[in-house]
Amino acid sequence: MAIKKRDIVIAALVLFGCWEACALALHSMALPEPWRVLIQLWTYLRDGSLLNDMGMSFIRALLGISLALIAAVPLGLAIGTEAMLDRRLSPYIYLLYPIPHVVLLPLIIILFGIGELSKIVLIALIVFFQVLVTTRDAAKSIHRNYFLSMQTLGASKAQMYRHVVLPAALPKILTAMRISIGTAVAILFFVESFATTKGLGYIIMDSWGQADYERLYVGIVAMAALGFGLYMVLDRIERRVCRWLKTV
Amino acid sequence: MIALERVDLTFSHDGRTNAVLSDISFSIADGESCAIIGPSGCGKTSLLFLLAGILKPTRGAVQVSDRQHCGTMLQHFGLFPWKTVAANIGLGLQLKGVSRLQIGTRVVELMDEMGLNGFENYFPGQLSGGMQQRVAMARVLAVNPKILLMDEPLSALDALTRERLQNLILEIWSSKHLTTVLVTHSIEEAVFLGRTIIVLSNRPGRIVTIAENPGAGRPDYRQSTQFFQRCSQLRAILREECHGY
């Protein structure tokens with residue numbers, strides 16, 4: 001179900017209220033009052049620097065997620081549908097999924113350089129496993145009757161994937177994407193902490209180093225806004241492609 | 001023409017074999033209707049899948065002329081909840097590569113025939129059981145089948161809707177002269193719709209009897225004494241031969 005604008009505003013106000021209360025109670029530099037942060041945020045928005053950083057982070061997250069989806073969705077659907085592939089490939093997934101992929105950063109830098117590509121690849125690598133596992137499970141749980149039904153209609157394997165496997169798994173793939181957005185935005189903090197002077201992660205790390213806590217929180221608020229924007233886009237896509245979900 | 005000659009069906013799983021059907025032989029002439037009845041798990045659905053070509057016999061021969069013109073309706077209708085009514089009905093044609101325009105025309109025709117007008121953009125989940133069954137029927141008929149295979153098509157419906165749709169099946173059978181095979185666990189349904197009734201035993205399913213039922217196919221048959229007698233005879237056979245009835 002779509003989230004109402006009013007509920008979003010209420011949630012934002014409640015969070016800012018809690019933040020204000022904590023800031024007043026702690027009275028610490030490490031937690032500035034929200035209104036001070038909002039003033040700073042307005043300044044950075046007006047001079048365009050924040051939008052530049054948000055844009056850069058947005059592109060990195062989007063490319064990382066897209067790359068992961070392109071690889072994980074077809075593979076997950078195939079593993080979940082073909083028993084032989086599942087038997088052969090699932091052990092690799094179980095062995096590789098629990099590894100904290102962030103530790104592969106040095107290897108990724110050697111393979112893809114220190115520039116943009118290594119940042120995008122790291123995001124993609126982490127998101128890939130989340131989407132892969134969920135998509136595989138979604139495809140595995142499709143009721144046998146749908147396949148039989150397609151068989152009786154004389155469907156080919158490709159038609160089976162197009163008319164049954166993909167649409168049936170789509171709601172869970174979208175859920176995986178929702179989780180991935182959170183992960184991707186969180187990883188931004190890490191990937192933008194090296195070899196860059198652009199992006200929200202950089203703002204946070206740089207401000208932290210300079211003990212500029214108001215700017216640090218500007219980065220955090222902008223990161224939340226970025227994730228929120230991506231969630232809203234995904235909600236809209238889900239409402240469009242999964243209209244049938246409301247009927248079952 | 002459908003003909004089965006000494007057919008056995010065995011499933012193997014994890015090194016264990018499980019006999020499902022044993023020594024099945026019968027034939028159904030073109031344009032005839034046949035009901036297959038038996039206790040749960042006796043292999044009725046597997047027998048239908050053999051006819052549809054989804055399963056292959058372990059032994060014996062299954063001959064179905066015009067198998068490419070075979071329409072199969074599965075238990076619980078087999079509709080796709082993510083496709084609209086119109087898309088569900090037109091799916092068989094779409095898979096065969098028929099043009100969009102032709103599909104559209106055929107879908108409109110069938111929706112009209114099945115009393116589904118105005119529901120083309122609904123999803124199956126928004127329809128009653130009876131309407132879902134009509135959509136499933138329309139989808140099967142869309143490809144102009146010569147043979148109609150149905151696996152307990154009405155089992156999920158209430159008594160009244162069930163009777164109404166039994167009449168619809170009868171109407172389709174007589175107007176389109178389709179060879180019809182219906183799997184059911186309802187004695188009344190088998191007697192009302194099957195001019196030949198095949199009774200299967202408990203697993204592994206063997207043929208207990210093949211009963212001729214020439215009265216079937218008339219809409220008023222249900223009210224006749226003959227109908228009640230047939231039902232009683234069939235019930236007695238099932239009670240005697242098959243546990244679980």
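**Entry 1: strand 7 of chain B**

I began with strand 3 (residues 33-37) of chain B, which runs parallel to strand 7 of chain B and is joined to it by five bridges. The model I am reading is a predicted one.

Next I checked strand 6 (residues 147-151) of chain B. Strand 6 also runs parallel to strand 7 of chain B, again with five bridges. Here I noted Leu148(B), whose bridge partner in strand 7 of chain B is Thr180(B).

I then sorted its side chains by direction. Thr179(B), Val181(B) and Val183(B) point one way. Thr180(B), Leu182(B) and Thr184(B) point the other way, and all are buried.

**Entry 2: the open sheet of chain B**

I turned to another set of strands. Three strands of chain B make an open sheet in the order 2-1-4, with antiparallel pairing. I marked strand 2 (16-28) and strand 4 (59-64) of chain B as the edges, since each pairs on one side only. From one strand to the next I read an average twist of 30°.

I followed one pairing in detail. Strand 1 (residues 2-13) and strand 4 of chain B pair in the antiparallel sense over five bridges. Within strand 4 of chain B, Val62(B) is the residue opposite Leu4(B).

Arg6(B) came up, with phi near 45°. Arg6(B) sits in strand 1 of chain B. Buried or exposed? I counted 12 C-beta neighbours inside 10 Å, so Arg6(B) counts as exposed.

Asp23(B) also came up: its phi is positive, about 50°, and it is not a glycine. I placed Asp23(B) in strand 2 of chain B. Asp23(B) has 15 C-beta neighbours inside 10 Å and therefore counts as partly exposed.

I then looked at peptide bonds. The one from Arg203(B) to Pro204(B) is cis, with omega near -5°. Pro204(B) belongs to the loop between strand 8 (196-200) and strand 9 (207-212) of chain B.

**Entry 3: overview of chain A**

I moved to chain A. I listed ten helices and zero strands. From the N terminus on, the order reads α-α-α-α-α-α-α-α-α-α. The C-alpha trace spans about 70 × 50 × 30 Å along its principal axes. Of the 248 residues in chain A, 32% are buried. I also checked contact range in chain A. Taking contacts between residues at least 6 apart in sequence, 71% join residues at least 24 apart.

**Entry 4: helix 2 against helix 10 in chain A**

I picked out one helix pair. Helix 2 (residues 34-46) and helix 10 (residues 213-241) of chain A pack at about 75°, and their axes are 9 Å apart. That angle makes helix 2 of chain A roughly perpendicular to helix 10 of chain A.

Which residues meet there? Helix 2 of chain A brings Arg36(A), Val37(A), Gln40(A), Leu41(A) and Tyr44(A). Helix 10 of chain A brings Glu214(A), Arg215(A), Tyr217(A), Val218(A) and Val221(A). I sorted the residues of this contact into six nonpolar, one polar and three charged.

**Entry 5: where chain A meets chain B**

I counted 16 residues of chain A in contact with 15 residues of chain B. On the chain A side, the elements giving two or more residues are helix 7 (144-152) and helix 8 (157-191). Helix 7 of chain A supplies the largest share, six residues. By type, this side of chain A has eight nonpolar residues, eight polar and no charged.

I stayed with helix 7 of chain A. Its buried residues are Tyr146(A), Ser149(A), Met150(A) and Thr152(A). What do the buried residues of helix 7 of chain A pack against? I noted helix 8 of chain A, together with helix 1 (44-52) and strand 5 (70-73) of chain B. Last, I checked what comes after helix 7 of chain A: Gly154(A) follows, with a positive phi near 80°.

Technical notes. Residues numbered from 1 in each chain as written. Chains lettered and ligands numbered in written order. Contact = placed C-beta atoms within 7 Å. Helix = DSSP H or I, 4+ residues; strand = E, 2+ residues; numbered from the N terminus. Nonpolar A, V, L, I, M, F, W, Y, C, P; charged D, E, K, R; others polar. Pairing = 2+ DSSP bridges. Axes fitted to C-alpha atoms, helices over the stretch in contact; angles between N-to-C directions. Parallel < 35°, antiparallel > 145°, perpendicular 65-115°, else oblique. Buried ≥ 20, exposed ≤ 12 C-beta atoms within 10 Å, placed from the backbone.
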